[in-house]
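Here is a short report on one protein model. Keep the sequence and the 3D view side by side while reading.

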Amino acid sequence: MRGRNLHSVWDSGLIRNLNEDAQSMAARLQSTSMGTPSRSFDPAIAAQESCAIVSQPEFYPKCLVDVPYIKRFAPVVESQLTIAGARLANALNAVFK
């Protein structure tokens with residue numbers, strides 16, 4: 001996996017590793033109900049959710065990101081993408097309704 005730091009791994013590396021085009025991934029994630037947020041957005045809750053993720057055992061790899069790391073955290077990335085998409089949709093709906 002390319003990337004020199006954990007931020008780039010989470011920012012794009014784990015997503016690229018899924019080997020799925022954006023439209024297919026969006027359709028698949030939209031069909032799930034995982035991680036659907038409430039209608040209201042609370043930045044403090046979003047920060048707590050992020051802290052819970054980085055507090056998980058083995059979140060910070062000892063050396064390199066390996067296949068077990070990818071398998072463990074790819075579903076977390078998918079869940080976070082689903083949540084972020086729903087939050088963005090809620091915000092845009094609030095502005096344009």
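## Burial and overall layout

Of the protein's 97 residues, 24% count as buried. The model is predicted. The protein has four helices and zero strands. Read along the sequence, the pattern is α-α-α-α.

Take the contacts with a separation of 6 or more: 67% of them come from residues 24 or more positions apart.

## Where α1 meets α4

Helix α1 covers residues 6–17, and helix α4 covers residues 67–96. Their axes come within 9 Å and cross at roughly 90 degrees. An angle of 65 to 115 degrees counts as roughly perpendicular, so α1 is roughly perpendicular to α4.

On the α1 side, the contact is made by Leu6, Trp10, Leu14, Ile15 and Asn17. On the α4 side, Tyr69, Ile70, Phe73, Val76, Val77 and Leu81 take part. By class, this contact has 10 nonpolar residues, one polar residue and no charged residues.

## Where α2 meets α4

Helix α2 spans residues 22–30. The axes of α2 and α4 come within 10 Å and cross at roughly 80 degrees. These two helices are therefore roughly perpendicular to each other.

Met25, Arg28 and Leu29 of α2 make the contact with Glu78, Leu81 and Thr82 of α4. By class, the contact of α2 with α4 has three nonpolar, one polar and two charged residues. Leu81 of α4 is also listed in the contact with α1.

## The largest pocket

What is the volume of the largest pocket? The value is about 250 Å³. The pocket is lined by 12 residues. Ala26, Leu29, Gln30, Leu81 and Thr82 lie nearest its centre. Among these, Leu29, Leu81 and Thr82 also belong to the contact between α2 and α4.

Which helix gives the most to the lining? Helix α2 does, with five residues. Helices α2 and α4 each supply at least two lining residues. The lining divides into seven nonpolar, five polar and no charged residues.

## Positive phi in two loops

Two residues deserve a look at the backbone. Asparagine 19 is not a glycine, yet it has a positive phi of about 50 degrees. Asparagine 19 lies in the loop between α1 and α2. Is asparagine 19 buried or exposed? The relative accessibility of asparagine 19 is 68%, so this residue counts as exposed.

Glutamate 58 is a residue other than glycine as well, and its phi is positive, near 65 degrees. Glutamate 58 is found in the loop between α3 (43–54) and α4. With a relative accessible area of 61%, glutamate 58 is exposed.

Arginine 72 lies in helix α4. What does arginine 72 touch, not counting residues up to four places away in sequence? The partners are Gln56, Pro57 and Glu58. Glu58 is the positive-phi residue described above.

The C-alpha atoms of arginine 72 and phenylalanine 59 are separated by 9.4 Å. Along the chain, these two residues are 13 residues apart. Arginine 72 has a relative accessible area of 34% and is partly exposed. Exposed means over 50%, so arginine 72 falls in the partly exposed class, whereas glutamate 58 at 61% is exposed.

Definitions and conventions: Residues are numbered from 1 along each chain as its sequence is written. This is a predicted model: local features need pLDDT of at least 70, side-chain atom pairs count only at pLDDT 80 or more; totals for chains, interfaces and linings use all residues. Side-chain values use heavy atoms; hydrogens and water are left out. On a 1 Å grid over the protein atoms alone, a cavity is a set of points where a 1.4 Å probe fits but cannot get out, and a pocket is an open set with protein on both sides within 12 Å along at least five of seven lines; lining residues have an atom within 4 Å of a point. Grid points are joined across faces, edges and corners, and a volume is the space filled by probe spheres set on the points. Ala, Val, Leu, Ile, Met, Phe, Trp, Tyr, Cys and Pro count as nonpolar, Asp, Glu, Lys and Arg as charged, and the others, Gly among them, as polar. Axes are lines fitted to C-alpha atoms, for helices over the stretch in contact, and angles run from 0 to 180 degrees between N-to-C directions. Angles under 35 degrees count as roughly parallel, over 145 as roughly antiparallel, 65 to 115 as roughly perpendicular and the rest as oblique. Contact means heavy atoms within 4.5 Å. Buried means under 20% relative accessible area, exposed over 50%, partly exposed in between (1.4 Å probe, protein chains only).
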